[in-house]
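User: I'd like to learn how to read a few features off a model like this one. Can you walk me through it?

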Amino acid sequence: MSIRLEHLNYIYSAGTAFERKALDDICLEFPDGQFVGMIGHTGSGKSTLIQHLNGLLKPTSGRVLYNGEDIFAEGFDLRRLRSKVGLVFQYPEHQLFETDVFTDVCFGPKNLGLSKEETEARALAALQQVGLKEKYYKVSPFELSGGQKRRAAIAGILAMEPEVLVLDEPTAGLDPKGRDDILDQVAKLHRERKITVVLVSHSMEDIARYVERIIVMNHGSVMFDDVPREVFRHYLELEQVGLAAPQVTYLVNELREKGWDISTDATTVEEAVQAILRALG
Amino acid sequence: MRQWGLCVFRRGQLPYRIHEILRRRTENTMLREITIGQYYPADSVIHKLDPRVKLAGTLVFIVSLFAFASVEAYLLATLVLAAVIRASKVPLKFMLKGLKAIFILLLFTVAFNLFLTRGTPIFHFWIFTVTREGVKTAVFMAIRLVYLIIGSSVMTLTTTPNNLTDGLEKALAPLRRIRVPVHEIAMIMSIALRFIPILLEETDKIMKAQTARGADFESGNLIQRVRNMIPLLVPLFVSAFRRANDLAMAMEARGYHGGEGRTKMRPLVYARRDKLAYLVMLLYLVAMFFVNRIGFFAELIRW
């Protein structure tokens with residue numbers, strides 16, 4: 001169930017005085033079951049890119065292939081695609097609208113034309129998967145806290161049982177604990193349901209701990225696409241485009257400069273601890 | 001406290017997040033401004049004119065169209081309009097866009113004037129009689145309407161909506177004497193204008209978020225379609241109220257208390273070109289008056 005992007009170009013407001021190129025010849029592949037992190041500063045094109053994955057935006061030129069099928073070809077069922085590629089937007093306020101959380105989560109599966117029983121079973125399962133407590137199910141979504149709203153929004157997508165889950169900045173505006181909770185939950189989903197996860201963020205720290213591959217976007221094109229360790233080797237170049245490697249990368253690199261015999265591969269605090277202990281003997 | 005935080009930071013010192021938000025705001029406005037109003041950005045003398053001058057100019061032009069009715073007067077009006085359009089550097093295509101909206105009105109006006117004006121008949125078929133006077137009024141009315149639209153398009157195409165409200169506020173300031181809340185009206189207008197692109201963008205995002213959940217905004221009969229709008233309208237209203245509330249709080253926190261004694265960041269001051277523009281307007285009126293007379297005399301002689 002892979003998604004492939006071939007020479008994708010996207011131009012905003014084409015043909016007007018405000019024309020702006022948002023994506024520039026993107027070629028990418030998202031294989032099954034991968035946990036991918038996508039990172040880039042504001043305006044780098046990452047949000048534009050992910051909206052192509054489920055056909056919300058149509059590329060100015062280039063193709064989007066889902067399992068080898070062109071999603072913009074005549075007769076391709078985009079609605080079915082959207083249930084397979086679940087996209088959770090940054091602001092849960094943009095999608096929560098029902099009178100209570102449970103009914104809201106039912107919206108997605110209901111649109112798939114499922115029976116009432118199936119819809120409710122899926123909604124219940126999704127709510128459990130995101131770890132939202134049962135006492136909130138019958139509460140208005142507008143009364144939830146920021147983190148709970150996020151969970152409800154993610155559940156709304158999960159209830160459609162997608163094969164690919166795309167999350168646009170799921171941790172923006174959350175406190176450190178709320179952030180870790182959400183990301184741990186997503187990682188668990190990835191492990192248990194074996195779905196592909198694309199995590200968009202501008203925090204390297206968030207991404208480094210979970211993903212197996214990082215795509216760095218800059219000015220509408222792919223700057224790096226590799227395993228975290230390799231991407232963070234370019235930490236000086238990352239800084240130049242307004243990003244930063246995790247703090248531990250700086251720490252181990254500085255230690256090395258000070259003459260320590262230490263590996264600079266560490267991307268998480270735990271790995272850094274191990275590396276330092278090893279260096280100390 | 002949030003507002004206090006914003007106040008003490010100078011521009012260069014803004015923490016990254018706030019800086020980013022500010023930047024994103026301006027980028028979005030640039031992108032969206034085109035869908036509302038119809039401002040066409042260009043670097044021209046007309047763009048740089050004070051909005052009050054442009055308001056006055058449009059008014060003078062429209063009045064002249066209706067006050068002076070002769071072939072010569074319309075020739076002069078055409079020349080002046082062409083010169084202004086040329087100077088504005090806005091492609092003619094955009095000027096003519098506004099005509100689409102009045103096409104039906106134009107058609108009716110011409111038809112009614114053509115067939116219902118009494119006078120010397122030119123030709124006659126079935127129940128319709130076309131008269132010499134009818135043709136004349138029909139053509140004049142068409143010219144008036146078309147020029148009226150193009151004339152006001154010149155103003156809206158070369159002035160940002162915000163600038164226009166500023167101009168209106170200043171121009172209507174004397175009305176405050178008779179207790180018209182000019183400042184408040186202008187403030188309401190500019191806030192409304194400012195919110196159009198924001199809400200448009202919000203609508204776009206909500207539609208996408210719901211489409212991603214399988215919502216369908218296009219198919220179905222009327223009742224189904226209205227029902228399908230609920231997932232769009234509820235978040236939109238919630239967000240509009242939240243934004244209105246935030247804005248009111250932010251304004252109050254910055255000490256906003258209405259128009260009394262309020263200063264402007266960019267006060268409207270007449271420059272040399274603005275005074276020149278007024279002079280041009282006056283010359284235009286005088287010329288119009290004489291040209292119209294010539295037409296009048298010429299017609300007298302012909303008769």
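Predicted model: local features only at pLDDT ≥ 70, side-chain atom pairs only at ≥ 80, totals over all residues.

User: What is the phi of Asn67(A)?

Analyst: Asn67(A) is not a glycine, yet its phi is positive, about 50°. A second case is Glu161(A), again a residue other than glycine, with a positive phi near 50°. Glu161(A) lies in the loop between helix 5 (146-158) and strand 7 (164-168) of chain A.

User: How many C-beta neighbours does Asn67(A) have inside 10 Å?

Analyst: The count for Asn67(A) is 13, so it is classed as partly exposed. Glu161(A) has 18 other C-beta atoms within 10 Å and is partly exposed too.

User: Now helix packing. At what angle do helix 7 and helix 8 of chain B cross?

Analyst: Take helix 7 (residues 103-116) and helix 8 (residues 132-158) of chain B: their axes come within 7 Å and cross at roughly 160°. Angles over 145 degrees count as roughly antiparallel, so helix 7 of chain B is roughly antiparallel to helix 8 of chain B. The crossing of these two helices of chain B is right-handed.

User: Which residues make the contact?

Analyst: On helix 7 of chain B they include Leu106(B), Val110(B) and Phe115(B), and on helix 8 of chain B Val135(B), Met141(B) and Leu145(B) are among them. By class, this contact has nine nonpolar, four polar and no charged residues.

User: And how far apart are the C-alpha centres of the domains of chain B?

Analyst: The assignment gives domain 1 (43-159 + 269-303) and domain 2 (188-254) in chain B. Their C-alpha centres lie 40 Å apart.

Definitions and conventions. Residues numbered from 1 in each chain as written. Chains lettered and ligands numbered in written order. Domains from an automatic or database assignment. Axes fitted to C-alpha atoms, helices over the stretch in contact; angles between N-to-C directions. Helix = DSSP H or I, 4+ residues; strand = E, 2+ residues; numbered from the N terminus. Parallel < 35°, antiparallel > 145°, perpendicular 65-115°, else oblique. Left-handed = near helix turned anticlockwise from the far one by under 90°. Contact = placed C-beta atoms within 7 Å. Nonpolar A, V, L, I, M, F, W, Y, C, P; charged D, E, K, R; others polar. Buried ≥ 20, exposed ≤ 12 C-beta atoms within 10 Å, placed from the backbone.
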